[in-house]
Amino acid sequence: MRIPPLHRRALPIAAITAVLGGCAWDTPMSTAVSSTEFGRSILSLYGLLVWVSAAIIAIVFIGLAWVLLHFRERPGGPLPRQIRGHTLLELSWTIAPALVLLIIAIPTIQVIFRTQGAAPRGALEVTVRGWQWWWEFRYPSLGVVTANELYLPVGQPVVLRLEGPDVIHSFWIPRLGGKRDVVPGRINQLTFTIDQAGEYWGQCAEFCGTSHANMRMQVIAVPRQEFDRWAARQKAPAPEPAEAAADGKAIYARSACVGCHTIRGVSAGAIAPDLTHFGSRKTLAAGLLPNDLENLTTWIVDPPRVKPGAKMPAVGLNAAEARAVATYLLSLK
Ligand SMILES: [Cu+2]
């Protein structure tokens, strides 16, 4: 066999290295590591499926290799014995797959029931609404509304009620468990308890239009007391702006912004992210950009240029006005 010259082998090797270089176990959106019992029960089922399939593949390939070698044609050999039907073989290859399906079905059904059960008493309820292309989080028991960053307490069961005002989305935080569709006109439910503080990235997992890929979110899981402090701050009315931000508030209040956005005590729009405590968010436009003055000013001047298809139009503010509004919004901690 002629071995190809190095440069011809280098290309596939480089390609494989590049692809495998992206593989890691413990990444921000890993599906192989879970911080909830809910996620781990799905993972254990997945593990079972992988091992059962691996065993079947091994048996089939070993059998195939044996048949190929053992019954291959040999020069001058006689015509092989001709066989019609084999009751035992046929029975066994009917019963064996049925057994395999049974082995897979029993734990699958158990996990389905376990992960679809009613929410435990004392669960924190959050209504999750998927919008093109951002996430709204409402805490009915706290009177708090936020967007794109979902604060949850560690160690307390939470029940997410998923609903959507526009098209079908899918709520997916890989490290917290399976994805679930967000379907207009019906309420789906997801129940889990997070057992480790941390930030968990998620992403809409059902193609929903132009900026589907820019529909990210983050769960920020914090200890109980920190969650209570966060909730108390969010419940408070929007702070009154200091000197520099007061102009921005005036511009906001007389612009089209008020028709879409809520800032409690200032405006009451209901089709866009609640901005009452927008300054406390780390990211802007569903995880697209860090939330700072530069990015926010650019966003307010022309949102669809920052995020293709964004449902917030450019409302005609110049850069200075946008900067003033951005200063005001960032003061809303
Ligand atoms: Cu979506």
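This is a short walk through one protein chain, from its overall form down to two single residues. The model is predicted.

I'll begin with the whole chain. The protein chain contains nine helices and 14 strands. Its radius of gyration is 28 Å, well over the 20 Å that the globule rule gives for 333 residues, so the chain is more spread out than a compact globule. The C-alpha trace covers about 100 × 60 × 35 Å along its principal axes. Of the 333 residues, 28% are buried. As for contacts with a separation of 6 or more, 67% of them join residues 24 or more positions apart.

Now a helix pair. Helix α5, residues 243-254, packs with helix α9, residues 319-330, at an angle of about 110°, and their axes are 7 Å apart. The two helices, α5 and α9, are therefore roughly perpendicular to each other. On the α5 side, the contact is made by Ala-244, Ala-245, Asp-247, Gly-248, Lys-249, Ile-251 and Tyr-252. The α9 side supplies Glu-321, Ala-324, Val-325, Thr-327 and Tyr-328. By type, the residues of this contact between α5 and α9 are seven nonpolar, two polar and three charged.

Leu-296 sits in helix α7, residues 293-301. A residue is buried at 20 or more C-beta neighbours within 10 Å; Leu-296 has 23 inside that distance, so it counts as buried. Leaving out residues up to four places away in sequence, Leu-296 touches Leu-284, Asn-291, Ala-326, Leu-329 and Leu-330. Leu-102, by contrast, is 194 residues from Leu-296 in sequence and 55 Å from it in space, C-alpha to C-alpha.

The other residue is Cys-260, in helix α6, residues 257-260. Buried, exposed or partly exposed? Cys-260 has 17 C-beta neighbours inside 10 Å and therefore counts as partly exposed. With residues up to four places away again left out, Cys-260 touches Gly-269, Ile-271 and Ala-272. Asp-274 is 14 residues from Cys-260 along the chain, and their C-alpha atoms are separated by 9.1 Å.

Notes. Residues numbered from 1 in each chain as written. Predicted model: local features only at pLDDT ≥ 70, side-chain atom pairs only at ≥ 80, totals over all residues. Axes fitted to C-alpha atoms, helices over the stretch in contact; angles between N-to-C directions. Helix = DSSP H or I, 4+ residues; strand = E, 2+ residues; numbered from the N terminus. Parallel < 35°, antiparallel > 145°, perpendicular 65-115°, else oblique. Contact = placed C-beta atoms within 7 Å. Nonpolar A, V, L, I, M, F, W, Y, C, P; charged D, E, K, R; others polar. Rg over C-alpha atoms; globule rule 2.2 N^0.38 Å. Buried ≥ 20, exposed ≤ 12 C-beta atoms within 10 Å, placed from the backbone.
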